[in-house]
Amino acid sequence: MTHGRDAEDAKLLQAGDIAGLLAAYNDTIVGRCVARLRGSLDAEDVAQNVRLRLLSEFHRGRSYGDLPYRVVVHQVIGWTLGDYHAGRPTDVPLPEGWEPASPDASDEVAMKYNLRRLFETLPEKTRAVLELRYSLGLEHEQIAERLGMKRNAVDQALNRGHSKLRDVLVADG
């Protein structure tokens, strides 16, 4: 079994799939931290710091030669737990230039679709104000200028719209 896992790890490392590697070892990381810290609330924090440490090493281009990745994972877990017990900080800064994964594009499309459906329940002027505010991100003054309204009228339309949307959401919820 370990030979199969090692072969899979080697493929993931070669492909640069650190997310796949971390996912494969997540139960191991969390399990050892929980067991070693006897279920302490800090166990999940330490486990997260193990993952960050592994991520940091990967982004720094660290290679392990012929050493199986599972051995590296267990070693980093041991070091991080040792640092925790010694009272040393276990937080590792994220690698330079690291960006979290971008949100799934389908989530944004679904959100816009749901907003559009909610806005359809509003009167035309209120809907126009809310669409400019939340779909285009315009400020109150910009909305007033674009729609030929006073700033106060935009504020009132936003308040009415929020109130009506709140009523719709509470009724659905």
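R70 is partly exposed, at 26% relative accessibility (buried means under 20% relative accessible area, exposed over 50%, partly exposed in between; 1.4 Å probe, protein chains only). The model is predicted, with local features needing pLDDT of at least 70 and side-chain atom pairs pLDDT 80 or more, while totals for chains, interfaces and linings use all residues. Residues are numbered from 1 along each chain as its sequence is written, and side-chain values use heavy atoms, without hydrogens and water.

**Exercise 1.** Find which residue forms a salt bridge with R70, and state what the pair ties together.

*Solution.* Step one: the partner is D6, with the closest N and O atoms 2.8 Å apart (a salt bridge is a side-chain nitrogen of Lys or Arg within 4 Å of a carboxyl oxygen of Asp or Glu). Step two: R70 belongs to helix α4 and D6 to helix α1 (residues 2-15), so the bridge ties together parts 64 residues apart in sequence (helices are DSSP runs of H or I, at least four residues, numbered from the N terminus). Step three: D6 counts as buried, at 17% relative accessibility.

**Exercise 2.** Describe the salt bridge of R151 and D155, and name the network they belong to.

*Solution.* Step one: their side chains meet at 3.2 Å, N to O. Step two: both residues lie in helix α8 (residues 151-172), four residues apart, about one turn of the helix. Step three: R151 is partly exposed at 37%, and D155 is partly exposed at 22%. Step four: salt bridges with shared partners join E141, R151 and D155 into one network. The structure holds six salt bridges.

**Exercise 3.** Describe how helices α2 and α3 pack.

*Solution.* Step one: α2 (residues 18-36) and α3 (residues 42-59) pack at an angle of about 145°, with their axes 9 Å apart (axes are lines fitted to C-alpha atoms over the stretch in contact, and angles run from 0 to 180 degrees between N-to-C directions). Step two: among the residues making the contact are I29 and C33 of α2, and V50 and L54 of α3 (contact means heavy atoms within 4.5 Å).

Terms used: Helix = DSSP H or I, 4+ residues; strand = E, 2+ residues; numbered from the N terminus.
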